[in-house]
Amino acid sequence: MNSHRRYRVAVLSVVKHDYVVRGWMAHPRCELVVVADDPDIPEWAHERNQLLADECEIPYVRGVEQALRDYRVDIAVVCSEAYRHCQLSARAVSAGVHVVQDKPLATSDAELQPLLDAMQQRPVTFMMWNRNFLPAVMHAQREIASGALGELQSIHVDFYFAKDAGPPKGQRPKGYPPMNWQAYQIAAHIDGSDGGVGPYPIGELQNEGIYPLGFIFGLTQAAVKRVFASSTAHFHQVNADNRVEDLAAITLEMEGGLVCSIALGRIGVASHPSGGEIKLRVVGSRGALVFHEARPDVGVYYRQQPAGEARQRRVAIENDFLLADHFVQALDQNRQPFMNFADSVRVFECVRAALESCRCGRPIDLKPL
Amino acid sequence: MIAAVGFVPTATAPRTTNILRKLVQSRFCALVRGGSRILVDGQICLALVDADALCQREVARRLFGELRILNGAQDRTDSHLRGVDVVAIYGEAVDLSFVEHCLGLGKRVFLSAAALQPKTVEPWLAKRWKTAEYSLTIGNPIASLPSRQCIHQQFVLGKLGDVGLIRIHRWGSDTAIPIEGSFSIPQSLQCELDQVLRYFDRSPQRLYATPYSNDRGFMLHLVWPDGAMAQIDYVGQLPNEQAYTSFSVIGSRGAAYGDDHPNAQLLLGEKFLARVDAEVTSPAAHMLLSYLAERRTPSFASTHSAWQSTAGQPEQRSTLWSWYQSEVLVRKARESIEQHLCVELPCEL
């Protein structure tokens with residue numbers, strides 16, 4: 001047990017979600033010591049890295065290996081564009097540094113390979129950011145672990161983000177060029193809906209698939225055997241122009257006869273008054289549960305309330321902190337955290353199979369890497 | 001209150017305008033949910049065939065006009081049908097020759113889905129759905145529930161845009177899943193399929209069905225050619241005869257969620273219970289009354305055209321079409337389960 005040890009944390013790129021970093025800023029046993037990135041990234045990315053470094057009053061170093069070495073880093077938090085996740089994580093792993101990475105794990109086999117190799121050679125502790133430490137999700141896990149539902153027979157997750165992604169589909173005037181993915185994502189940083197930032201378009205299966213799959217993997221250890229999926233670009237011009245989905249449905253067949261389903265999408269801000277309908281439904285041999293991810297919440301309504309302001313406000317949310325704490329405890333106790341590297345690879349395999357099923361219209365039997 | 005709803009008086013409006021129809025539609029659900037009497041033009045004569053006592057009582061309480069209760073073959077004579085505008089047929093197995101006889105007499109026929117046994121009805125439907133579209137209506141008790149009607153009204157009025165995904169969870173609504181040597185699809189699931197088809201107005205391209213362990217239910221995944229999709233999760237039984245349903249429509253302009261979860265009331269006592277009350281006393285009666293109210297016309301003796309423009313949606317497919325397609329989808333779902341394959345469907349089944 002290293003229960004008094006303080007961990008030195010480096011942020012390797014923070015071009016999108018800074019919430020991945022904020023849990024570490026709040027943890028008493030973690031110290032953010034440096035922000036680092038490669039020198040040859042675009043200037044807008046340097047600016048974002050610098051912003052966080054300034055806020056935390058720590059240096060920004062344009063050189064990843066140098067920062068990991070000079071600042072004696074224990075944990076690297078990777079929050080770059082999706083296509084750079086694995087190469088940054090792999091370099092941290094090779095330096096013997098534990099890794100917490102934003103989602104997705106990777107967007108292709110080729111991207112994943114260096115990290116697979118690095119983890120084989122130097123198995124450090126790895127965790128992918130997830131939403132399993134939200135109060136309702138933890139409550140569901142406790143109920144199921146207590147045996148209240150008996151043997152699980154089906155799990156269903158609705159995961160809709162009530163967010164827009166630029167103009168609605170069908171809004172591009174005739175003769176105008178397709179929307180540029182990267183330019184749109186960079187501009188979307190202001191409201192935090194830039195999860196797909198990077199030069200290569202990624203759809204919602206890759207961008208958000210980790211969350212509902214994380215819920216399922218948090219409730220069962222059963223392996224996924226078969227995946228049937230369908231998807232479409234139904235809402236947003238930027239998705240239609242770049243041929244990536246904003247709405248998808250998945251049926252998963254797991255070992256032991258467990259059947260799971262997921263409906264997910266970025267379905268437009270008009271679709272829900274408070275951020276989106278995110279629900280977990282589980283049926284077991286002895287009972288069933290229906291949980292809303294956004295509970296507990298409070299309702300706040302007043303005159304001249306801005307249209308975009310959530311009417312229901314989530315409360316008692318400590319997901320970012322609890323994830324950091326969970327990782328620290330895993331390091332202390334030398335055990336694997338939830339959504340460790342093996343779990344993350346399972347998610348990657350599922351998403352890859354779902355995308356393949358969408359393309360060919362058939363169920364896909366899962367082939368482990 | 002009812003007067004304020006503004007149903008069009010017989011003498012002043014022989015044909016409702018589209019705007020008035022929409023007004024009627026949009027307020028209709030509230031009217032039904034409020035438990036108010038459903039006003040149907042006073043000239044109606046309704047024959048209720050083989051309906052249960054609760055259904056008879058509910059229809060009698062709410063109907064303006066003459067109600068004839070017909071039970072058994074001895075009541076199905078021309079003399080009993082004389083002057084009848086609408087024949088509503090319930091029971092467990094419909095006598096198709098009686099249906100044809102009523103249609104031949106020029107009657108409007110309302111056929112409860114529960115009376116349709118797939119093996120006998122499907123070949124008949126295959127022939128009939130193109131020719132008897134608007135004189136024959138299939139009553140779907142689930143589609144007629146106030147919550148489902150409310151969501152459908154929003155869709156019809158264009159508030160939700162094009163449907164991208166319909167997701168349904170139906171747990172514990174049947175006492176058992178009937179098994180006939182191989183997988184058998186319960187009728188409530190077929191009712192859900194029928195309702196889904198009413199949103200899309202065309203057949204899906206692909207279907208994948210997965211059974212749950214211990215024959216407890218199924219997961220159906222349907223895909224349409226333009227990428228739209230539907231997922232139906234069906235569980236036959238829950239412990240202690242509890243039940244739960246959820247129905248959501250995700251459209252390009254908005255979404256609607258009808259879910260027992262936020263509609264549950266808490267009962268705190270020795271046991272902690274969340275209870276959901278049934279939306280209507282008699283779904284069988286409610287679907288018939290809804291059908292009559294939707295087709296409110298100056299006179300039930302009026303021409304076909306008044307009926308063909310039902311609910312202001314002349315372009316919409318008939319319930320006969322959707323029920324027939326749902327029969328086919330049930331067969332395909334069974335095929336998918338038995339072969340453990342995704343089934344490709346022809347453009348028009």
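This is a predicted model: local features need pLDDT of at least 70, side-chain atom pairs count only at pLDDT 80 or more; totals for chains, interfaces and linings use all residues.
Ala316(A) sits in the loop that links β14 (312-314) to α11 (319-333) of chain A.

Ser13(A) belongs to strand β1 (residues 7-14) of chain A. As background, most residues other than glycine have a negative phi, and most peptide bonds are trans.

Cis peptide bonds can be found in chain A too. One leads from Lys103(A) to Pro104(A), with omega near -5°; Pro104(A) is placed in the loop between β5 (98-101) and α5 (109-121) of chain A. Another leads from Arg295(A) to Pro296(A), with omega near 0°, and Pro296(A) is found in the loop between β12 and β13 (297-299) of chain A.

Turning to the strands, chain A holds an open sheet of seven, ordered β12-β11-β7-β10-β9-β8-β15, with mixed pairing. At its edges are β12 (288-292) and β15 (364-365) of chain A, each of which pairs on one side only. Within the sheet, β7 (residues 152-161) and β10 (residues 259-266) of chain A run parallel and are joined by eight bridges. To find this pair in the structure, one can look for Ser154(A), which stands opposite Val259(A) in β10(A). Helices pack on the sheet as well. Helix α6 (residues 135-145) of chain A touches β7, β11 (278-284) and β12 of chain A, and its direction makes about 165° with that of β12(A). Helix α9 (residues 210-219) of chain A touches β7, β10 and β11 of chain A, with an angle of about 155° between its direction and that of β7(A).

Chain B contains 11 helices and 14 strands, and 45% of its 349 residues are buried. Of the contacts in chain B between residues at least 6 apart in sequence, 70% join residues at least 24 apart. One helix pair to look at is α6 (residues 118-128) and α11 (residues 319-339) of chain B, whose axes come within 10 Å and cross at roughly 130°. The two helices are therefore oblique to each other, and their crossing is left-handed. On α6(B) the contact is made by Pro118(B), Glu122(B), Leu125(B), Ala126(B) and Arg128(B), and on α11(B) by Leu320(B), Trp323(B), Tyr324(B), Glu327(B) and Val330(B). By class, this contact has seven nonpolar, three charged and no polar residues.

Elsewhere in chain B, Asp277(B) occupies the loop between β13 (272-275) and α9 (283-294). Asp277(B) counts as exposed because it has 9 C-beta neighbours inside 10 Å. Asp277(B) and Ala264(B), 13 residues apart in sequence, are 7.8 Å apart from C-alpha to C-alpha.

Finally, the chains meet through 36 residues from chain A and 31 residues from chain B. On the side of chain B, the elements giving two or more residues are β6 (163-171), β7 (206-211), β8 (217-223), β9 (229-235), β10 (244-251) and β11 (255-259). The largest share, five residues, comes from β6(B). By class, the side of chain B that touches chain A has 16 nonpolar, 10 polar and five charged residues.

Technical notes
Residues are numbered from 1 along each chain as its sequence is written. Chains are lettered from A and ligands numbered from 1 in the order in which they are written. Two residues are in contact if their C-beta atoms, placed from the backbone, lie within 7 Å. Helices (H or I, at least four residues) and strands (E, at least two) are DSSP runs, numbered from the N terminus. Ala, Val, Leu, Ile, Met, Phe, Trp, Tyr, Cys and Pro count as nonpolar, Asp, Glu, Lys and Arg as charged, and the others, Gly among them, as polar. Axes are lines fitted to C-alpha atoms, for helices over the stretch in contact, and angles run from 0 to 180 degrees between N-to-C directions. Angles under 35 degrees count as roughly parallel, over 145 as roughly antiparallel, 65 to 115 as roughly perpendicular and the rest as oblique. A crossing is left-handed if the near helix is turned anticlockwise from the far one by less than a right angle, and right-handed if clockwise. Two strands pair if DSSP finds at least two bridges between them. A residue is buried if 20 or more other C-beta atoms lie within 10 Å of its own, exposed if 12 or fewer, and partly exposed in between; C-beta atoms are placed from the backbone.
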